Amino acid sequence: MSKDAVNTAAATPRTDAAQVPADAGDAGYSKDLKPRHVNMIAIGGAIGTGLFLGAGGRLHNAGPALAIAYLVCGIFAFFVVKALGELVLYRPSSGSFVSYAREFLGEKGAYVAGWMYFLNWSTTGIADITAIALYTHYWSLFTDIPQWVLALVALAVVLAVNLISVKIFGEMEFWFSIIKVATLVGFMLIGIFLLATQHKVGGQTPGMSVITENGGVFPHGMMPVVLVMQGVIFAYAALELVGVAAGETAEPEKVVPRAVNSIMWRVGLFYVGSVVLLALLLPGSVYSADQSPFVTVLSKIGIPAAGDVMNLVVLTAAMSSLNSGLYSTGRILRSMAMAGSAPKFTARMNRSQVPYGGILLTCAVCVLGVGLNYLVPAQAFEIVLNVASLGIISTWVIIMICHLVFVRRAKAGLVDRPSFRLPGSPVTEITTIVFLLACLAMMWNDPEVGRKTLLLVPLIAAMLVAGWFGIRRRVSATADQELSQLTK
């Protein structure tokens with residue numbers, strides 16, 4: 001809803017505020033996502049290439065203290081999803097945080113939230129198709145196929161799945177998540193068995209001695225642990241998908257609290273637990289950024305085809321991420337288009353009630369990524385991954401700001417908070433925002449990639465300002481039209 005409409009609602013009694021209509025972008029969706037779909041989307045959002053692949057290099061740099069970094073970042077990620085979950089139960093919307101930003105921060109807030117999220121997922125999509133192409137090259141059958149061709153094929157397959165129906169998307173994400181969870185559970189059982197039996201791994205007996213005899217919990221000091229925080233935050237990106245998916249489920253009030261509350265133990269079990277196991281099995285110096293840490297362990301104990309199995313799982317994780325990115329940006333862009341802050345065609349839906357316009361726009365950016373794979377195949381992944389981190393951190397900050405305003409209005413008696421709440425407001429929101437901005441600032445300590453990424457911030461800000469001046473009249477006209485309909 002428009003900023004003017006929000007101000008009008010703010011000046012009215014609680015009874016009127018409760019009658020504020022939902023986001024216009026919510027109309028027309030099916031409610032075909034089942035509780036099992038949403039629950040597995042929540043799991044899938046918490047498990048991805050950041051763990052399966054990225055943990056190797058981070059263990060090498062930070063040592064066993066990486067588990068602490070995952071725990072700390074996981075707690076703040078949980079706060080973000082808990083805040084979003086409360087907003088979802090207040091008013092479920094497929095526009096998710098963009099819709100809430102429009103209500104609590106005005107059209108400019110929604111505009112910034114939506115386009116930064118689009119920046120996140122469109123660049124993440126490029127990273128995903130790049131990763132898929134790289135992982136596919138692992139098998140000799142595909143080594144002669146150019147990287148850009150494999151990237152284009154992957155994009156075409158996931159696009160087709162997204163355009164068919166939301167139910168097909170949900171099923172695909174459900175099975176992707178099953179594969180990831182089964183793999184992690186299988187590895188953890190193997191790791192626990194190796195610890196219990198004191199079976200040698202790479203010539204070393206697993207246990208606490210692996211940590212104490214190789215520099216302790218902080219083998220390289222505190223600074224490497226601090227520096228990996230930004231990468232760890234990115235590993236948790238996609239948790240906010242729960243909020244988007246809630247708009248297409250029949251009973252969000254039952255599904256969302258269960259999915260959000262379960263995120264914390266999943267983080268503890270899958271991220272922290274698996275990193276602790278990895279640290280107890282082999283010294284951090286043995287792991288590397290070039291190989292999945294799980295493959296490193298399994299190859300050391302002579303399990304055949306460990307590399308093939310894990311490569312398939314990492315490939316699945318990348319496909320899952322791409323699948324989720326197309327799904328979420330399609331819904332977010334439709335919400336923006338209905339308010340006039342995104343191109344009109346992104347509001348279009350097909351017969352299966354899928355917002356194909358927004359999905360195709362994200363795909364168009366990903367096609368540019370196919371070109372990037374053609375021109376600079378070696379650097380494509382690293383370039384876009386760091387740009388995406390700017391998008392996800394800004395999205396999470398905006399979610400927490402929206403929640404701060406929401407709580408303030410609830411205290412003023414303008415809206416009602418649901419029983420499912422983020423605890424400790426406003427301290428929790430402020431602490432989370434400070435932590436996320438600190439993670440962003442830490443990128444300056446990485447002169448090769450991080451510092452160059454931060455130097456893009458003024459450019460992105462200038463583009464957002466220029467874009468706003470280009471569409472503000474359309475946004476204002478849309479808001480006036482909506483306001484006139486409300487006052488009829």
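The questions and answers below concern a predicted model.

Reader: Which residues does a cis peptide bond join, and what is omega there?

Author: The proline concerned, Pro426, is placed in the loop between α19 (380–411) and α20 (427–442). The cis peptide bond joins Ser425 and Pro426, and omega is about 5°.

Reader: Is Gln198 buried, exposed or partly exposed?

Author: Gln198 lies in the loop between α10 (166–197) and α11 (208–212). Its phi is positive, near 55°, in a residue other than glycine. The relative accessible area of Gln198 is 42%, and values between 20% and 50% fall in the middle class. Gln198 is therefore partly exposed.

Reader: What is the phi of Gln353, and where is this residue placed?

Author: At 32% relative accessibility, Gln353 counts as partly exposed. Its place is in the loop between α17 (306–339) and α18 (356–375). Although Gln353 is not a glycine, its phi is positive, at about 65°.

Reader: How many residues of α8 are buried?

Author: Helix α8 comprises residues 107–136 and reaches 43 Å from its first C-alpha to its last, close to the expected 44 Å. The helix is largely enclosed by the rest of the structure, because the buried residues number 27 of the 30.

Reader: How are α9 and α10 oriented to each other?

Author: Helix α9 (residues 147–164) packs with α10 at an angle of about 130°, the axes being 5 Å apart. The contact is made by Val161, Asn162 and Ile164 of α9 together with Ile168, Phe169 and Met172 of α10. These residues divide into five nonpolar, one polar and no charged. An angle of about 130° lies between the limits of 115 and 145 degrees, so α9 and α10 are oblique.

Reader: How far apart in sequence are the parts that the pair of Tyr70 and Tyr236 ties together?

Author: The two rings are edge-to-face, at 6.3 Å centre to centre with 85° between the planes. Both Tyr70 and Tyr236 are buried. Since Tyr70 lies in helix α6 (residues 66–90) and Tyr236 in the loop between α13 (229–235) and α14 (241–245), the parts tied together are 166 residues apart.

Reader: Are the rings of Phe104 and Phe406 stacked or edge-to-face?

Author: Phe104, in helix α7 (residues 96–105), and Phe406, in helix α19, are 302 residues apart. Both are buried. The ring centres are 5.6 Å apart and the planes stand at 65°, so the pair is edge-to-face.

How values were computed
Residues numbered from 1 in each chain as written. Predicted model: local features only at pLDDT ≥ 70, side-chain atom pairs only at ≥ 80, totals over all residues. Heavy atoms only, no water. Helix = DSSP H or I, 4+ residues; strand = E, 2+ residues; numbered from the N terminus. Buried < 20%, exposed > 50% of the residue type's maximum accessible area, 1.4 Å probe, protein only. Expected span 1.5 Å × (residues − 1). Axes fitted to C-alpha atoms, helices over the stretch in contact; angles between N-to-C directions. Parallel < 35°, antiparallel > 145°, perpendicular 65-115°, else oblique. Contact = heavy atoms within 4.5 Å. Nonpolar A, V, L, I, M, F, W, Y, C, P; charged D, E, K, R; others polar. Phe/Tyr/Trp six-rings, centres within 6.5 Å; stacked < 30°, edge-to-face > 60°.
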